[in-house]
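Subject: The structure we talked about

Hi,

Here is the structure I promised to pass on to you.

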Amino acid sequence: MNLFQKTASTILATSLIASAAQAQLSDDEIRIGYLADMSGTYRDLSGPGGLEALQMAVEDFGGQIDGKKIVIFSADDLNKPDVGASTVRQWVDERNVDMVTGLVASSVVLAASQVVEQAGKLALISGAAASSITNEYCSPNHIHWTYDSYALANGTAKAVLANGGKSWFILTADYAFGHAMEADITKVVKADGGSVLGTVRHPFPSSDFSSYILQAQGSGADVIALANAGADTVNSLMTASQFGVTQSGQKLAGMVVFLNDIHAMGLDVTQGLMLTTGWYWDLNEETRAWSKRYEDRFGSKPGMVPAGIYSATLHYLNAVKASGSDEAQAVRTQMMATPVNDMFAKNGKIRADGRMVHDMYLAQVKTPAESKGEWDLYKIVRTIPGDEAFRPLAASQCKLLSQN
Amino acid sequence: MTMVFGIPLGVLLGQLLLGLINGAFYALLSLGLAIIFGLLRIINFAHGAQYMLGAFAAVLGLNYLGLNYWVALIVAPLLVGALGMLIERGLLRRIAGEDHLYGLLLTFGLALIVEGCFVKLFGVSGASYPMPELLKGGYNLGFMFLPTYRAWVVVAALVVCLLTWYMIERTRLGSYLRAGTENPKLMQAFGINVPLLITLTYGYGAALAAFAGVLAAPIYSVTPTMGANLLIVVFAVVVIGGMGSIMGAIVTGLAMGLIEGLTKVIYPEAANTIVFLVMVLVLLVRPAGLFGKET
């Protein structure tokens with residue numbers, strides 16, 4: 001063992017002793033890290049808005065727990081897994097951050113959550129889509145809160161099939177997320193007696209979709225499913241509208257569509273589109289009241305991701321208070337023992353695999369005539385019960401389940 | 001149905017037509033870059049930002065001043081062109097004659113600042129721009145549905161490209177410009193105001209980018225990063241055509257659009273890379289580009 005290794009192991013040993021000897025609330029502060037894309041493609045999905053929601057949660061909680069202050073750190077992950085992982089590493093090592101939230105791009109989340117697991121902290125994932133987060137990559141150190149790709153594909157595809165869309169053509173973003181989504185859609189379509197006539201995988205990101213839309217049109221499928229996200233989905237939908245896809249009787253199904261996307265495209269282009277969402281600002285009195293407060297502070301209505309961040313943070317802080325500890329497993333156990341009841345979810349429950357199961361909503365984008373305001377964009381067609389929306393535990397590959 | 005490369009002829013024709021439409025954008029943007037490089041010897045990395053500014057000028061003009069599409073098509077290029085002239089006078093002039101790298105870094109920095117400000121102001125989801133009434137709808141060509149607007153894009157872009165080519169290659173002003181490219185000192189000795197010519201050229205290049213931006217506004221989502229994504233491909237087009245070659249930029253732009261269109265049917269996964277593949281091949285065989293002069 002050379003000198004460097006000796007020093008390293010001494011430091012490691014000391015830090016282990018130190019953490020074991022820590023008081024119940026470490027450093028006399030609750031430290032929360034907010035990691036999200038603050039400047040790139042996914043900025044409007046969470047970004048500064050998600051941070052605002054996090055601050056609202058902390059303020060609503062009173063800013064402290066039994067006299068111990070709640071402190072927020074925030075950083076831009078630039079949608080780069082290495083940046084995200086090293087930021088979280090720095091937070092847990094140097095600032096002793098207890099919980100990390102936000103967490104948008106799936107690739108960043110998978111990298112960052114490994115660091116969180118090694119450090120024995122907790123991650124509350126609100127922004128990311130990949131359902132693998134609570135499947136093959138599940139961990140005792142993270143909870144997936146708002147939605148996931150399984151629930152979106154399942155909710156939207158089933159509804160479209162029920163409305164008579166039997167033959168499908170899938171437009172897929174050519175990377176891990178798109179492939180997973182394509183597989184999820186194919187599974188649902190085949191299970192319900194439909195067929196997939198073809199797929200086309202476009203490079204990520206692309207700006208011109210006319211060629212792919214033309215191929216989808218040529219396939220003669222009833223439904224064109226968009227297994228892409230963000231700007232790719234926006235451009236696909238706009239192109240489809242120009243090429244008269246809906247006029248010719250074909251239906252479009254956007255799999256990952258957010259409120260800010262619809263707002264950006266406008267109702268002329270998006271009307272009639274079916275989508276699945278984890279939350280909507282105009283569900284009831286409670287959601288409207290919260291959204292009003294958010295809008296007064298931030299300037300736009302919240303999408304499901306900031307709402308999820310608010311809900312997850314409040315639930316976390318309540319659990320810290322109830323358990324009198326900020327140790328990750330103690331808090332997680334407390335969080336799992338308490339149902340989630342707030343403006344985001346009713347009777348939401350956190351499963352052993354880390355999935356927060358709550359009702360999802362099947363929505364249809366309003367027509368310009370139906371819409372009464374800038375943000376009056378969805379009509380809720382159906383509430384999908386949580387147990388139906390998310391991947392059943394029986395079909396899960398999560399390693400945590402077999403241990404029990 | 002007749003098959004070509006294992007693809008029905010109708011599908012192939014449709015894809016080629018779409019390729020031509022994209023090619024028209026490439027041609028318009030690479031033309032501006034080629035003109036600027038020709039006279040200023042500056043690799044204008046702010047070109048994407050100027051394209052984005054054109055699109056945003058159209059959106060903001062409509063939302064706040066009620067200016068319609070046709071007005072925007074004239075006003076936005078004028079505004080962005082004027083801004084370009086200010087940039088040339090205030091910044092680029094100071095580094096004239098220095099290594100290419102300085103111009104590249106300066107314009108790249110400017111582009112990052114402008115895009116950053118727009119992200120801060122408007123977010124990344126961007127805005128949508130309504131299709132002008134006159135150009136809504138489309139034609140059924142039998143093998144495909146051609147939206148009127150896309151046809152208009154090809155016509156407008158080609159007309160502007162050819163007018164520019166004519167102006168530079170066939171008029172007196174153009175001859176000054178070409179002479180200025182060859183030997184600025186001698187031109188100045190003849191009493192031609194070369195600095196003014198340079199300012200106007202940069203302004204015109206920027207205006208072309210803004211014109212392309214307005215053309216793009218109704219069909220693509222208008223976002224702060226729309227130019228940055230396109231710029232790299234356009235640079236490849238300019239390199240393939242030969243830096244500084246006017247006709248080279250136009251022809252290569254259209255050709256790359258067609259090749260990309262074909263790739264999207266035959267092997268879509270490679271659609272974003274094919275242009276760069278062509279660039280590598282061209283550089284290996286003709287380092288000065290297809291239409292460039294060997295020096």
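Let's start with a pair inside one helix: Glu285(A) and Arg288(A) both lie in helix α11 (residues 285-298) of chain A, 3 residues apart, or about one turn of the helix. Helices here are DSSP runs of H or I with at least four residues, strands are runs of E with at least two, and both are numbered from the N terminus. The two residues form a salt bridge, with their closest N and O atoms 3.3 Å apart. By salt bridge I mean a side-chain nitrogen of Lys or Arg within 4 Å of a carboxyl oxygen of Asp or Glu. Glu285(A) is exposed, at 57% relative accessible area, and Arg288(A) is partly exposed, at 30%. (Buried is under 20% relative accessible area, exposed is over 50%, and partly exposed is in between, using a 1.4 Å probe and protein chains only.)

Before going on, please note that this is a predicted model, where local features need pLDDT of at least 70, side-chain atom pairs count only at pLDDT 80 or more, and totals for chains, interfaces and linings use all residues. Residues are numbered from 1 along each chain as its sequence is written, chains are lettered from A and ligands numbered from 1 in the order in which they are written, and side-chain values use heavy atoms, leaving out hydrogens and water.

Salt bridges across the sequence

Over all chains, the structure holds 24 salt bridges. Lys321(A) pairs with Asp66(A), their closest N and O atoms being 3.5 Å apart. Lys321(A) sits in helix α12 (residues 304-323) and Asp66(A) in the loop between β2 (64-65) and β3 (68-76) of chain A, so this pair ties together parts that are 255 residues apart in sequence. Another salt bridge joins Asp387(A) and Lys349(A) (3.2 Å, N to O). That one links helix α14 (residues 386-389) to strand β12 (residues 349-350) of chain A, with the two residues 38 apart.

A buried strand

Now find strand β9 (residues 223-227) of chain A: 5 of its 5 residues are buried, so the strand is largely enclosed by the rest of the structure. Val223(A), Ala225(A) and Ala227(A) point one way, while Ile224(A) and Leu226(A) point the other way. What are its neighbours? Strand β7 (residues 167-173) of chain A runs parallel to β9(A), joined by 5 bridges, and strand β10 (residues 251-254) of chain A is also parallel to β9(A), joined by 4 bridges. (Strands pair if DSSP finds at least two bridges between them.) Ala225(A) stands opposite Ile170(A), and its bridge partner in β10(A) is Ala253(A).

Where the chains meet

How many residues of chain B are in contact with chain A? The count is 28, and they touch 29 residues of chain A (contact means heavy atoms within 4.5 Å). Together the two chains bury about 2,400 Å², 53% of it on carbon and sulfur atoms. Buried area here is the accessible area (1.4 Å probe) that two parts lose on being put together, summed over both. In chain B, Val124(B), Ser125(B) and Lys264(B) lose the most area to chain A. The interface has 2 salt bridges, and Arg150(B) forms one with Asp208(A), at 3.5 Å between the closest N and O atoms.

Enjoy exploring!
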